[in-house]
Amino acid sequence: MHSEALWQGKRHKWIICGRDTGKPQKIIDTNQYMVRTDRRLLILEPGGIELFSAMLACALDWAPIHEITDLFASHQDPDIISSLGLWDQALPKARLHAPWLWEGFIRHFGMSHIEYVALPDEGGVLELDGVNLQLIPAHYMHSSGNFNVYDPELKILMSGDIGASLEPGQPPLFVENFKEHTRYMELFHKRWMPSNTAKNDWVSRVRRLDIKYMAPQHGRIFKDDDVGRFLDWLEQLEVGSALRTANR
(Lines give C-alpha, C1' and ligand atoms only; values in the text may rest on other atoms or scores of the structure.)
Protein backbone atom coordinates (compact mmCIF):
# COMPACT_ATOMS: atom_id res chain seq x y z
CA MET A 1 0.00 0.00 0.00
CA HIS A 2 1.31 3.40 -0.98
CA SER A 3 1.63 6.03 1.75
CA GLU A 4 2.99 9.54 1.84
CA ALA A 5 2.66 12.71 3.86
CA LEU A 6 0.57 15.17 1.86
CA TRP A 7 0.26 18.20 4.11
CA GLN A 8 2.31 19.46 7.03
CA GLY A 9 1.30 21.90 9.77
CA LYS A 10 3.18 23.22 12.79
CA ARG A 11 1.94 20.43 15.05
CA HIS A 12 0.61 17.76 12.75
CA LYS A 13 0.68 16.22 9.30
CA TRP A 14 -1.82 14.46 7.05
CA ILE A 15 -0.84 11.14 5.48
CA ILE A 16 -2.62 9.13 2.80
CA CYS A 17 -2.56 5.32 2.56
CA GLY A 18 -4.05 3.89 -0.61
CA ARG A 19 -3.54 2.82 -4.22
CA ASP A 20 -3.07 -0.71 -2.84
CA THR A 21 -1.94 -2.94 -5.72
CA GLY A 22 -2.22 -5.99 -3.47
CA LYS A 23 -5.94 -5.68 -2.70
CA PRO A 24 -8.44 -8.22 -4.12
CA GLN A 25 -9.58 -7.11 -7.56
CA LYS A 26 -13.33 -7.05 -6.91
CA ILE A 27 -13.36 -4.76 -3.87
CA ILE A 28 -13.61 -1.02 -4.37
CA ASP A 29 -10.41 1.01 -4.05
CA THR A 30 -10.30 3.27 -0.98
CA ASN A 31 -8.26 6.13 0.42
CA GLN A 32 -7.33 5.99 4.08
CA TYR A 33 -6.06 9.16 5.73
CA MET A 34 -4.10 9.59 8.95
CA VAL A 35 -3.40 12.63 11.11
CA ARG A 36 -0.09 12.39 12.97
CA THR A 37 0.93 14.58 15.91
CA ASP A 38 4.01 14.21 18.10
CA ARG A 39 2.33 11.67 20.36
CA ARG A 40 -0.79 10.38 18.64
CA LEU A 41 -2.08 8.98 15.36
CA LEU A 42 -5.68 9.18 14.13
CA ILE A 43 -6.83 6.91 11.29
CA LEU A 44 -9.72 8.31 9.23
CA GLU A 45 -11.88 5.63 7.56
CA PRO A 46 -9.70 2.62 8.56
CA GLY A 47 -11.13 0.49 5.76
CA GLY A 48 -12.47 -2.97 5.16
CA ILE A 49 -11.41 -6.24 6.72
CA GLU A 50 -9.54 -7.23 3.54
CA LEU A 51 -7.21 -4.24 3.95
CA PHE A 52 -6.46 -4.59 7.66
CA SER A 53 -2.97 -6.10 7.42
CA ALA A 54 -1.79 -3.60 4.80
CA MET A 55 -3.36 -0.70 6.68
CA LEU A 56 -1.83 -1.71 10.02
CA ALA A 57 1.60 -1.97 8.37
CA CYS A 58 1.07 1.44 6.81
CA ALA A 59 0.15 2.99 10.17
CA LEU A 60 3.16 1.41 11.86
CA ASP A 61 5.42 3.09 9.33
CA TRP A 62 4.36 6.40 10.89
CA ALA A 63 3.80 5.64 14.57
CA PRO A 64 4.50 2.94 17.18
CA ILE A 65 1.41 0.95 18.02
CA HIS A 66 0.85 2.59 21.43
CA GLU A 67 0.58 5.98 19.71
CA ILE A 68 -2.22 4.82 17.36
CA THR A 69 -4.91 6.14 19.66
CA ASP A 70 -7.95 7.11 17.59
CA LEU A 71 -10.10 5.86 14.70
CA PHE A 72 -12.79 7.78 12.84
CA ALA A 73 -15.64 6.30 10.79
CA SER A 74 -17.82 8.74 8.87
CA HIS A 75 -20.59 6.13 8.66
CA GLN A 76 -21.31 2.40 8.83
CA ASP A 77 -20.34 1.04 5.42
CA PRO A 78 -18.06 -2.04 5.27
CA ASP A 79 -15.41 -0.30 3.16
CA ILE A 80 -15.21 2.28 5.97
CA ILE A 81 -15.00 0.18 9.11
CA SER A 82 -15.55 -3.58 8.65
CA SER A 83 -11.97 -4.04 9.88
CA LEU A 84 -13.07 -2.88 13.36
CA GLY A 85 -12.93 -6.33 14.94
CA LEU A 86 -9.25 -6.66 14.04
CA TRP A 87 -8.41 -3.12 15.19
CA ASP A 88 -10.19 -4.00 18.44
CA GLN A 89 -7.62 -6.72 19.04
CA ALA A 90 -4.63 -4.66 17.91
CA LEU A 91 -5.60 -1.38 19.66
CA PRO A 92 -7.65 -2.31 22.73
CA LYS A 93 -7.18 1.14 24.33
CA ALA A 94 -8.11 3.18 21.23
CA ARG A 95 -11.24 5.28 20.70
CA LEU A 96 -13.59 5.10 17.70
CA HIS A 97 -15.32 8.37 16.78
CA ALA A 98 -18.47 7.60 14.77
CA PRO A 99 -22.12 8.71 14.45
CA TRP A 100 -24.34 7.91 17.43
CA LEU A 101 -26.92 6.65 14.96
CA TRP A 102 -24.77 3.74 13.88
CA GLU A 103 -23.34 2.47 17.16
CA GLY A 104 -25.59 -0.59 17.40
CA PHE A 105 -24.83 -1.46 13.77
CA ILE A 106 -21.08 -0.80 13.76
CA ARG A 107 -20.63 -3.00 16.83
CA HIS A 108 -21.63 -5.95 14.61
CA PHE A 109 -18.13 -5.71 13.11
CA GLY A 110 -16.74 -6.73 16.51
CA MET A 111 -15.88 -4.35 19.32
CA SER A 112 -15.12 -5.51 22.85
CA HIS A 113 -12.32 -3.18 23.94
CA ILE A 114 -12.23 0.03 21.88
CA GLU A 115 -14.24 2.94 23.31
CA TYR A 116 -17.11 4.15 21.08
CA VAL A 117 -17.29 7.96 21.07
CA ALA A 118 -20.81 8.68 19.78
CA LEU A 119 -20.96 11.83 17.62
CA PRO A 120 -24.13 13.93 17.97
CA ASP A 121 -26.01 14.99 14.85
CA GLU A 122 -24.79 18.57 15.11
CA GLY A 123 -21.13 17.49 14.95
CA GLY A 124 -18.39 18.84 17.19
CA VAL A 125 -14.63 18.87 17.62
CA LEU A 126 -12.17 15.99 17.68
CA GLU A 127 -9.17 17.09 19.73
CA LEU A 128 -5.91 15.32 18.95
CA ASP A 129 -2.88 16.34 20.98
CA GLY A 130 -3.83 20.04 20.78
CA VAL A 131 -5.01 19.91 17.15
CA ASN A 132 -8.74 20.60 16.79
CA LEU A 133 -10.51 18.91 13.89
CA GLN A 134 -14.10 19.93 13.19
CA LEU A 135 -16.74 17.26 12.55
CA ILE A 136 -19.06 18.59 9.85
CA PRO A 137 -22.55 17.05 9.46
CA ALA A 138 -23.09 15.39 6.07
CA HIS A 139 -26.25 13.41 6.83
CA TYR A 140 -27.88 11.57 3.91
CA MET A 141 -24.71 12.14 1.85
CA HIS A 142 -25.10 9.21 1.43
CA SER A 143 -25.60 7.65 4.84
CA SER A 144 -28.37 8.85 7.17
CA GLY A 145 -25.77 9.52 9.89
CA ASN A 146 -22.60 10.87 8.29
CA PHE A 147 -19.76 13.31 8.99
CA ASN A 148 -16.85 15.00 7.23
CA VAL A 149 -13.65 16.08 9.00
CA TYR A 150 -12.41 19.64 8.51
CA ASP A 151 -8.96 20.89 9.46
CA PRO A 152 -9.19 24.71 9.70
CA GLU A 153 -5.41 25.14 10.06
CA LEU A 154 -4.46 23.31 6.86
CA LYS A 155 -7.83 23.96 5.14
CA ILE A 156 -8.48 20.28 4.39
CA LEU A 157 -11.93 18.69 4.16
CA MET A 158 -11.94 14.89 4.37
CA SER A 159 -15.23 14.43 2.56
CA GLY A 160 -15.85 10.68 2.80
CA ASP A 161 -17.94 9.46 -0.13
CA ILE A 162 -18.67 12.99 -1.35
CA GLY A 163 -16.42 13.70 -4.31
CA ALA A 164 -15.73 10.01 -4.80
CA SER A 165 -14.83 8.75 -8.26
CA LEU A 166 -14.77 5.27 -9.74
CA GLU A 167 -11.78 5.25 -12.04
CA PRO A 168 -9.98 2.14 -13.34
CA GLY A 169 -6.32 1.42 -12.70
CA GLN A 170 -4.12 3.45 -10.38
CA PRO A 171 -4.97 7.11 -11.07
CA PRO A 172 -2.85 10.00 -9.79
CA LEU A 173 -3.68 11.34 -6.34
CA PHE A 174 -4.93 14.74 -7.52
CA VAL A 175 -7.52 15.83 -10.09
CA GLU A 176 -5.70 17.21 -13.11
CA ASN A 177 -8.57 18.01 -15.50
CA PHE A 178 -11.84 18.63 -13.68
CA LYS A 179 -14.12 18.45 -16.73
CA GLU A 180 -12.59 15.12 -17.76
CA HIS A 181 -12.84 13.85 -14.18
CA THR A 182 -16.62 14.36 -13.92
CA ARG A 183 -17.31 11.26 -16.00
CA TYR A 184 -15.85 9.15 -13.19
CA MET A 185 -18.02 10.86 -10.54
CA GLU A 186 -21.40 11.26 -12.18
CA LEU A 187 -22.88 7.78 -11.78
CA PHE A 188 -21.63 7.48 -8.21
CA HIS A 189 -23.24 10.73 -7.06
CA LYS A 190 -26.49 10.27 -9.00
CA ARG A 191 -27.04 6.80 -7.53
CA TRP A 192 -25.41 6.82 -4.08
CA MET A 193 -26.67 10.26 -3.03
CA PRO A 194 -30.43 9.93 -2.38
CA SER A 195 -31.65 13.46 -1.74
CA ASN A 196 -31.36 16.75 -3.63
CA THR A 197 -32.42 18.58 -0.44
CA ALA A 198 -29.63 16.98 1.59
CA LYS A 199 -27.14 17.57 -1.21
CA ASN A 200 -27.91 21.28 -1.45
CA ASP A 201 -27.88 21.63 2.35
CA TRP A 202 -24.40 20.11 2.43
CA VAL A 203 -23.14 22.33 -0.42
CA SER A 204 -24.42 25.42 1.40
CA ARG A 205 -22.73 24.36 4.65
CA VAL A 206 -19.42 23.53 3.04
CA ARG A 207 -19.28 26.76 1.03
CA ARG A 208 -18.88 28.59 4.34
CA LEU A 209 -15.61 26.76 5.02
CA ASP A 210 -12.23 27.87 3.71
CA ILE A 211 -11.12 24.73 1.83
CA LYS A 212 -7.88 24.31 -0.09
CA TYR A 213 -8.01 20.52 -0.37
CA MET A 214 -11.03 18.20 -0.51
CA ALA A 215 -10.02 14.60 0.09
CA PRO A 216 -12.65 11.89 -0.65
CA GLN A 217 -12.51 8.24 0.39
CA HIS A 218 -12.41 7.04 -3.22
CA GLY A 219 -10.46 8.41 -6.16
CA ARG A 220 -8.63 11.68 -6.63
CA ILE A 221 -8.19 14.69 -4.34
CA PHE A 222 -9.43 18.17 -5.30
CA LYS A 223 -7.28 21.23 -4.68
CA ASP A 224 -7.61 25.00 -5.02
CA ASP A 225 -10.15 26.07 -7.67
CA ASP A 226 -11.23 22.48 -8.33
CA VAL A 227 -12.92 22.47 -4.90
CA GLY A 228 -15.24 25.25 -6.04
CA ARG A 229 -15.72 23.59 -9.40
CA PHE A 230 -16.83 20.43 -7.62
CA LEU A 231 -19.35 22.28 -5.43
CA ASP A 232 -20.79 24.03 -8.52
CA TRP A 233 -20.98 20.70 -10.38
CA LEU A 234 -22.64 18.86 -7.49
CA GLU A 235 -25.13 21.67 -6.87
CA GLN A 236 -26.61 21.36 -10.36
CA LEU A 237 -26.57 17.54 -10.42
CA GLU A 238 -29.89 15.73 -9.95
CA VAL A 239 -29.31 12.84 -7.54
CA GLY A 240 -31.50 9.93 -6.40
CA SER A 241 -31.49 8.31 -9.85
CA ALA A 242 -32.78 4.93 -8.64
CA LEU A 243 -36.15 6.45 -7.73
CA ARG A 244 -36.67 7.64 -11.28
CA THR A 245 -35.71 4.20 -12.62
CA ALA A 246 -38.01 2.39 -10.18
CA ASN A 247 -41.00 4.57 -11.10
CA ARG A 248 -40.83 4.12 -14.85
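Contact here means heavy atoms within 4.5 Å. This is a predicted model, where local features need pLDDT of at least 70, side-chain atom pairs count only at pLDDT 80 or more, and totals for chains, interfaces and linings use all residues. Residues are numbered from 1 along each chain as its sequence is written, and side-chain values use heavy atoms, leaving out hydrogens and water.

Let's start with the sheet. Six strands form an open, mixed sheet in the order β8-β9-β10-β11-β12-β13. Its edge strands, β8 (124-128) and β13 (222-223), each pair on one side only. Helix α7 (residues 196-207) packs on this sheet and touches β9, β10, β11 and β12. Strands pair if DSSP finds at least two bridges between them; helices (H or I, at least four residues) and strands (E, at least two) are DSSP runs, numbered from the N terminus. Antiparallel β10 and β11 are joined by three bridges, and Tyr150 sits opposite Leu157 of β11.

Now for two residues, Met214 in strand β12 and Asp79 in helix α2 (residues 78-81). Met214 has a relative accessible area of 0%, so it counts as buried (under 20% relative accessible area, with a 1.4 Å probe and protein chains only). Beyond four places in sequence, its contacts include Leu157, Trp202 and Phe230. Asp79 is also buried, but has no salt bridge (a side-chain nitrogen of Lys or Arg within 4 Å of a carboxyl oxygen of Asp or Glu).

Some distances:

| Pair | Distance |
|---|---|
| Met214 and Ile162 | 9.3 Å, C-alpha to C-alpha |
| Asp79 and Lys23 | 11 Å, nearest side chain of opposite charge |

Definitions and conventions:
Axes fitted to C-alpha atoms, helices over the stretch in contact; angles between N-to-C directions. Buried < 20%, exposed > 50% of the residue type's maximum accessible area, 1.4 Å probe, protein only. Lys, Arg positive; Asp, Glu negative; His and termini not counted.
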